[in-house]
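Subject: Structure handover and findings

Hello,

Here is the structure I promised to pass on. Please open it beside this email and follow along.

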Amino acid sequence: MRTCKIMAAGVLAVVLAGVSAGALAQRNVPAPAKKEAAKEEPAKKKPAAKPQPAKKADAKKAEPKKAEAKKAEPKKAEPAAEAKAEPKALPVAADAGAKADPAPAAETAAEEATTAAEPAAGDEEVKPAPKADWSGGETIIPMPASKVTGQEIEAGIRACTARKPPRKTKSALTEGTFRQIERIQTAIGKGEYAESEKKLNELAERAHGDYEKAVVWQTLAFIYAQQEKTDKAIALFRKVLDTNALPQNAHEQIMFNIGQLLIADGKTDAGLRQIEAYMKESCNPLPDAHVMLAISYAEKKRFRDALEQIDIGLVKAKTPKESWLQAKLAMHYELKEFAACAGVLLQLVSVAPTKEQYWKQMSSLYFELGKDPQALAILALADRKGFINEESEFKNLANLYFYLQIPYKAGQVIQRGLDEGALKADEKNLELLANAWLLARENKKAEAALKKAAAASEKGELYKRLAHLYVEEENWKAAIEALDNAKAKGGIENKGEFAMLTGVTAMQLNDYARAEAAFRDALGHEKTRKAAGDWLNHLTNLKQEQEAAAALAEAKKHAAAEDAETGQN
């Protein structure tokens, strides 16, 4: 026996999982611009998701209460798995026309999300990075609106009841039958099905009138359903309906029970027709019935009809069930209504605020919708709640900070990922950390990250970037050492720039021979030819000036010596 499946529920998480750092990379996350090795004009300045037996009959009223069923919630399922309805679940009636109470947590989540990306108290200030503007005239997370309201449902119930008065029974159970059914129900509660079945069959043979037979058969059908004897249960429930002896509510409940059993037994088409017949019979169908009909429509790819029914079920329910919202989410996704998906995810967050996948999926959807500040706000709030634990999650959050030009926060996220072991301390991640600190102008932190990244790299390019940083700080000795390390590792991409950087650094250390050799090397590269020539001219002039100055100093020294000698004579 198979269970009812929401066909699209598992698809959503798989697709959303594809929204990763790779997608962010396609949005041109900025990297720090490289500094020029040297200006054209030389200078010494730094480079720039079972029915219950019928309740005991009331002897005084001489009319049994309607068969009540155990409330059965569909199994709760993660979006990555299929959301399933519990087999043989015969739901109990909910309050008629009850409105869905707005979950206070939803308002709290929306309010928190508007500030989640702001630096927390005690965080270091983002020095040069511009602050993201969270305004813009729109709510960060819009609450989804249903196309049906509680008032409309209540008005429809009143109109239907006035047009079609409910059936009533004029019969009653005899005292003896009532007592026997009461004892049988107690035995059923203990799981004594075989003995109870035998007694009910005997009782049915001597029952007085259709009403007593209907009550006995209803109880017997429940036993069959409990034992998964579905065909027998359905056949007996149909015999109960044929008597037309039960009051309206009990009659409707049995119609719904039949539909549930058919669907749970894999007879979706027959079950769908039965649920639709129940919906026509009832002026106030159960919320569970609307949802089951919606699930059946979804299996038939009738997603618009499915959404109409699940919306009514959600409005009628006092509190939306997580599995129902998962079904609604899958339906909107199949229709590619991603903005509506985001709204449903907000409801899921309010219903299950500790389930981290809803936060991450909601952020991913907002990113796909091009609402980057909202995506960051939600993901940052998820981070504050401790939901960011995986490597890809740390990178997604960091890349969003990069994209919205908040590099300091990006650096904090990457550093925490490294500290917690979620990110490997490899060349790529260390370079990403260095990029964040460079963009935030946190040079000391960038220097530490670049040193580790350069040491882990097989090429010398990162040592060249480290040299750029040292030149900016006018730390010439550290710069020339970094350049030597870069040259030793090799793999330099722009050799002309490297030569220029080496020449400028050597000049600052008064190593003119090395500087001249480096500038002459740079002459052999088109992009640096002019600058190299200017620097060589400057170096020649500087050497001439120094030679002249040295000659003058020597002449003065010689003259002073002669004067001293003359004075002695």
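Below is what was found in it, grouped by topic.

**Ground rules**

This is a predicted model, so local features need pLDDT of at least 70, side-chain atom pairs count only at pLDDT 80 or more, and totals for chains, interfaces and linings use all residues. Residues are numbered from 1 along each chain as its sequence is written, and side-chain values use heavy atoms, with hydrogens and water left out.

**Aromatic pairs**

A pair of aromatic rings is described by the distance of the centres and the angle of the planes. Rings of Phe, Tyr and Trp (its six-membered ring) pair if their centres lie within 6.5 Å; planes under 30 degrees apart are stacked, over 60 edge-to-face, and the rest tilted. By this rule there are four aromatic pairs. Two of them follow.

Tyr408 and Trp437 are edge-to-face, because their planes stand at 65° with the ring centres 5.4 Å apart. The pair links distant parts of the chain, 29 residues apart. Tyr408 is in helix 18 (residues 407-419) and Trp437 in helix 19 (residues 427-439). Helices here are DSSP runs (H or I, at least four residues), numbered from the N terminus. Tyr408 is buried, at a relative accessible area of 0%. Trp437 is buried too, at 4%. The scale is: buried under 20% relative accessible area, exposed over 50%, partly exposed in between (1.4 Å probe, protein chains only).

Phe519 and Trp535 are stacked, with 5.6 Å centre to centre and 25° between the planes. Phe519 lies in helix 24 (residues 512-522) and Trp535 in helix 25 (residues 526-568), so this pair ties together parts 16 residues apart in sequence. Phe519 is buried, at 0% relative accessibility. Trp535 is buried, at 2%.

**Charges over rings**

The criterion: NZ of Lys or CZ of Arg within 6 Å of the ring centre and within 35 degrees of the ring normal. Trp437 comes up again here. The charged end of Lys445 sits over its ring, 4.7 Å from the centre. Elsewhere, Lys239 lies over the face of Trp217, 4.1 Å from the ring centre.

**A helix pair**

Two packed helices are described by the angle between their axes and the distance between the axes. Helix 21 (residues 461-472) and helix 22 (residues 476-489) pack at about 170°, with axes 8 Å apart. The axes are lines fitted to C-alpha atoms over the stretch in contact, and angles run from 0 to 180 degrees between N-to-C directions. Helix 21 is therefore roughly antiparallel to helix 22. The classes are: under 35 degrees roughly parallel, over 145 roughly antiparallel, 65 to 115 roughly perpendicular, the rest oblique.

Helix 21 brings Tyr463, Lys464, Leu466, Ala467, Tyr470 and Val471 to the contact. Among the residues from helix 22 are Trp476, Ala482, Leu483, Asn485 and Lys489. Contact means heavy atoms within 4.5 Å. The residues of this contact divide into 11 nonpolar, one polar and two charged.

**Buried charged residues**

Glu447 is in helix 20. It is buried, at 12% relative accessible area. Leaving aside neighbours within four places in sequence, Glu447 is in contact with Leu466, Leu469, Tyr470 and Glu473.

Lys328 lies in helix 13 (residues 322-334). It is buried, at 8%. With neighbours within four places in sequence left aside, Lys328 is in contact with Leu307, Ile310, Asp311, Leu314 and Val344.

**Positive phi**

Most residues other than glycine have a negative phi. Arg441 has a positive phi, near 60°. It is found in the loop between helix 19 and helix 20 (443-456) and is exposed, at 65%. Asn510 also has a positive phi, near 60°. Asn510 sits in the loop between helix 23 (495-508) and helix 24.

**Apart in sequence**

Gln405 and Ala436 are 31 residues apart in sequence and 9.8 Å apart in space, C-alpha to C-alpha. Gln405 is in the loop between helix 17 (391-403) and helix 18 and is partly exposed, at 47%. Ala162 and Cys283 are 121 residues apart in sequence and 9.8 Å apart in space, again C-alpha to C-alpha. Ala162 is in helix 4 (residues 150-163) and is exposed, at 65%.

Best wishes

Methods:
Helix = DSSP H or I, 4+ residues; strand = E, 2+ residues; numbered from the N terminus. Nonpolar A, V, L, I, M, F, W, Y, C, P; charged D, E, K, R; others polar.
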